[in-house]
Amino acid sequence: MSTPENTPENEPQEGFVDPGLADHRPRRADVEPKANKRAERQVAALFGLSVVGTVIALWAYFTKDAGDGGDVATIQSVNMWIGLGIALAMAGIGFGAIHWAKTLMRDHEMVEERHELRSSDEAREGAIQNLKDGAEDSGIGSTGTKRRSVLKGSLITAVAIAPLAVLVPQIGNMGGDWNISKFRHTLWGPGVRLARDPDGELIKASDVTMGSVFHVIPEGLNDLDHHHKMVEKAKAVVLLVRLDPADMKPVAGREDWSFDGIIAYSKICTHVGCPVALYEQQTHHLLCPCHQSTFDVADGAKVVFGPAKRPLPQLPIAVDDEGYIVAQNDFDEPIGASYWDRLKGDGSSADVEEGSH
Amino acid sequence: MGAKVNSAAAGTANYVDERTSIGGFVKFFARKLFPDHWSFMLGEIALYAFIILLLSGVFLTAFFVPSMTEVHYEGPYETMHGVAMTEAFASTLKTSFEVPGGLLIRQIHHWSALLFVAAIMTHMCRVFFTGAFRKPRELNWLIGFSLMVLALAAGFTGYSLPDDVLSGNGLRIIDGVIKGIPLIGTYISYWLFGGEYPGVDIIPRLFTAHILIVPALILALIGLHLFLVFLHKHTQYPGGGKTHKNVVGLPLFPVYTAKAGGFFFVVFAIVALVASVFTINPVWNYGPYDPSPVSAGTQPDWYILFVDGALRLMPGWLFGLPLEWEILGYTISWNILIPSLIIPGIFFAIIALYPWIEAWATGDKGERHVLDRPRNVPVRTGIGVAMIMFYVLLVIEGSNDIVASLFHLSLNDITIFLQWAIFIIPPLSFWITKRICMGLQRKDRELVLHGHESGTIVRHENGEYIEVHTPLDEQEVWLRVNYPNHKPLEIADEFNDRGVRRKGYKWDRFKQKLSRFYYEERVEPVTWEEYQEALHHHDHGPSAQGEAEAAEAQQADAQLTNEWDKQDKAGAADK
Ligand code: HEM
Ligand code: FES
């Protein structure tokens, strides 16, 4: 029967004997004809309940008025009635069948032998022989003449590289233009005005009162078609706040990037790119709701808590002749999540405003 | 009429059988035995949830438009009038508001997705803690593991389809994580999104994955999974008469056809009930995707929380040292890689490989068809609990904002607490679980040797009070003494008699160390000698009442067997 290797080593403890299956206790319905009949009636009633459920679902579908579909509560009530009907229809069948099985069908356990999964030695030998014969027929098996090994080698090579003929064009086409240096540029540039998100209304320095917060997009973003608008917005959104200049710690080299306490930072988190949207006036802290990176706006948007490592990129701003806030330039680093070559140049010189869309 | 139906059925059966020899299969399957236990239903729930997903998913495909073309909403839902959105989002609104029953089916689809993943995971825990992954079922464990991963993929791709603010933000996080992969991250992102994030390709691509690739793989693997269950025959819990060489249970037809078939309808009923009463993913409240807004306290589906939690837990700076490195001008973001790829990678690898890890420690080569009671393998049970705790801590961190507002705690305190807890609680729970298991094993020994406490106190002549113990019946004893008592592996020496180093020694040594970790400390089952001695000591025979009961049960049993025989005979006579 089983090979020695397959004998479980920890066989029953010596001395103790397996008492065999526990005694079976008959159910009520097994011995009392009355209980038996009752169970049968219960099962039939449950199936009947299912029919009621189906009727309810159909009744709700055909007669309940969803109105013109504008009122969420009405819609939800129609759906609820259909759903309750379905639930009843299913529950009736389900509980009926289970009750039937539990009360009326056999509950006296039976025993079946298991067979070891390993094939018999005979079968294994047969399998090996068949494979050998097949290999012989194909000629691969015949003792390594040179020609055959060439055949084998060429087949393996062909099969191994053939998928490239299909995969390379497919994968090659999937990445669009593969121009990953687009990450480095946003719509911001010298003189681009700051506008409110989402309506695009321009922002004057005088609108920005102490402690206020503006969600900002570049002027002209809303004129783009949907695709480009999404792509550009995903990079260009900015948060504009005004602090008491006395509270602000200066950042070397950025002394003239803000204007009278008005300061703008990229809204895209330097962790993995969620919009950083929650600003707390008292502490000057900006919180990213995704993983709670916290940035100190008064201190160069440095990370004070959470998984982000880098400060939010700052947008250098100024005020133009008409009093509107404008960008001095694009961000001086890629916005958003870090990536492998974010610090490497993209070949194009930084001040050329090309190819961002 | 019955006769007519019967002859029609026989005719059809004959027709089909002459063309397919299906008779053999039916003979093989119809009376196949399945052991009975509630915990065997968990896998069934997963299967049924998947079937419900297929049914409701096909309904949704009739109305969903997988396109990112911009439209301005014109439908009946006033709040959104004129709002620019993708067709994907607009069609989700349409399914919800303009297709009668459409909202219901969306809710059924989403609720059953949540149930599907939950059922797979609990099923996996059952298999783990009872040792059902041991030979010959290791490969089926691996298939089940793949199904779990695919379920996560199905859930995530589906969740992203409606293109609302929440799902769009989820995709953005994925994009950020992908970009963090050294060297090729940005290219993978371009490949996935068809260019720069978010582009216009991602929804159609996710749609193909969601309704074709992933479900097809799941379906194929479920087929294989169930085929192997049939081939191996189901495992059974230990007890009298149950061995590694037999299977004790009830036949597929009719008992399990009715029970399991019925159970499908029950699962469907529960999902339908929940879906009709509790709204999930009301995308009309969130609005279409826009890269700018986001609100706090919104949650991804529960099965994504562990990755989100890991991302929250990992600090960007550790004791003043950055976890994002800039080397030779290239950036490596450990603060992204560790929580989102490395930790889940290791965690899943341990799960996938576990059957082999344990087999190295036991050196057990036999087929194992009787399940373990979790207490009898304290180290495995401990590992399982530790891993669950690890997972749960990440899930808690993934909803730390909800926890914070619920219990009025500081968000940052919760994170800092969990940053320590993730290192302390899993090992601690391993240790505690192992102790509890061994305590239960000792309790089992105690019971076998001294019997149940009866609650009756008697006074001896010498004035001593003792409690009367009633001995265990033979079933109870058998359950507690008959389990594998693994001991640490013995391995051959490093050098043979001629002082030559043996090949494979290091590997053996590793297995031995592992084995010691598992089995060095153990509670051995009561031996026959110990048992005899204890019996002698107590010398209680079975009580008269016990014997009467046993006799009664036996009699009823005989009667029933008799009846079944009669019915079987009657059935045979019919044919
Ligand atoms: C394999 C397991 C599956 C899981 C875990 C799953 C999960 C999900 C989830 C969570 C959603 C979001 C629903 C929402 O709240 O709006 C979804 C949407 C969708 N699923 Fe599935 N799904 C599965 C299989 C399928 C199948 C087999 C199909 C079709 C053949 C399908 C078709 C759809 C469609 C068309 C949508 C978008 C419709 C909408 O959101 O209104 N799903 N899926
Ligand atoms: S994306 Fe902002 S903290 Fe993770």
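Biologist: Leu239(A) stands opposite Tyr265(A) in β5(A). What makes β4(A) and β5(A) paired strands?

Modeller: Five bridges join β4(A) to β5(A), residues 262–266, and the two run antiparallel. Two strands pair if DSSP finds at least two bridges between them, so five bridges meet the rule. Another bridge partner in β5(A) is Ser266(A), which faces Val238(A). Strands are DSSP runs of E with at least two residues, helices are runs of H or I with at least four, and both are numbered from the N terminus.

Biologist: What kind of model is this, and how is it numbered?

Modeller: This is a predicted model, in which local features need pLDDT of at least 70, side-chain atom pairs count only at pLDDT 80 or more, and totals for chains, interfaces and linings use all residues; side-chain values use heavy atoms, with hydrogens and water left out. Residues are numbered from 1 along each chain as its sequence is written, while chains are lettered from A and ligands numbered from 1 in the order in which they are written.

Biologist: Why do β2 and β10 of chain A count as edges?

Modeller: The open sheet has five strands in the order β2-β3-β4-β5-β10 (chain A), with antiparallel pairing. β2 and β10 (314–315) each have a single partner strand, so one side of each has no neighbour in the sheet.

Biologist: How do you know that both faces of β4(A) are covered?

Modeller: In a regular strand, side chains alternate between the two faces of the sheet. Val238(A), Leu240(A) and Arg242(A) lie on one side of β4(A), Leu239(A) and Val241(A) on the other, and all are buried. Buried means under 20% relative accessible area, exposed over 50%, and partly exposed in between (1.4 Å probe, protein chains only). Five of the five residues of β4(A) are buried.

Biologist: Why is the ring pair of Trp178(A) and Tyr187(B) called tilted?

Modeller: Rings of Phe, Tyr and Trp (its six-membered ring) pair if their centres lie within 6.5 Å; planes under 30 degrees apart are stacked, over 60 edge-to-face, the rest tilted. By this rule there are 45 aromatic pairs over all chains. For Trp178(A) and Tyr187(B), the centres are 6.3 Å apart and the planes stand at 35°, so the pair is tilted. Trp178(A) is in the loop between α5 (146–174) and β2 of chain A and Tyr187(B) in helix α8 (residues 185–193) of chain B, so the pair joins two chains. Trp178(A), at 27% relative accessible area, and Tyr187(B), at 36%, are both partly exposed.

Biologist: What makes the pair of Phe193(B) and Tyr197(B) edge-to-face?

Modeller: The ring centres of Phe193(B) and Tyr197(B) are 5.2 Å apart and the planes are at 75°, which is over 60, so the pair is edge-to-face. Phe193(B), at 0% relative accessible area, is buried, as is Tyr197(B) at 5%. Glu196(B), in the loop between α8 and α9 (202–232) of chain B, is buried at 8%.

Biologist: How do you know that the charged end of Lys344(A) sits over the ring of Tyr330(B)?

Modeller: NZ of Lys or CZ of Arg must be within 6 Å of the ring centre and within 35 degrees of the ring normal. The charged end of Lys344(A) is 4.5 Å from the centre of the Tyr330(B) ring and sits over that ring. Lys204(A) does likewise over Tyr324(A), at 5.2 Å.

Biologist: How many residues does chain B have, and what share of them is buried?

Modeller: Chain B has 575 residues, of which 49% are buried. Its secondary structure comes to 20 helices and ten strands. The C-alpha atoms of chain B fill a box of roughly 90 × 80 × 65 Å along the principal axes.
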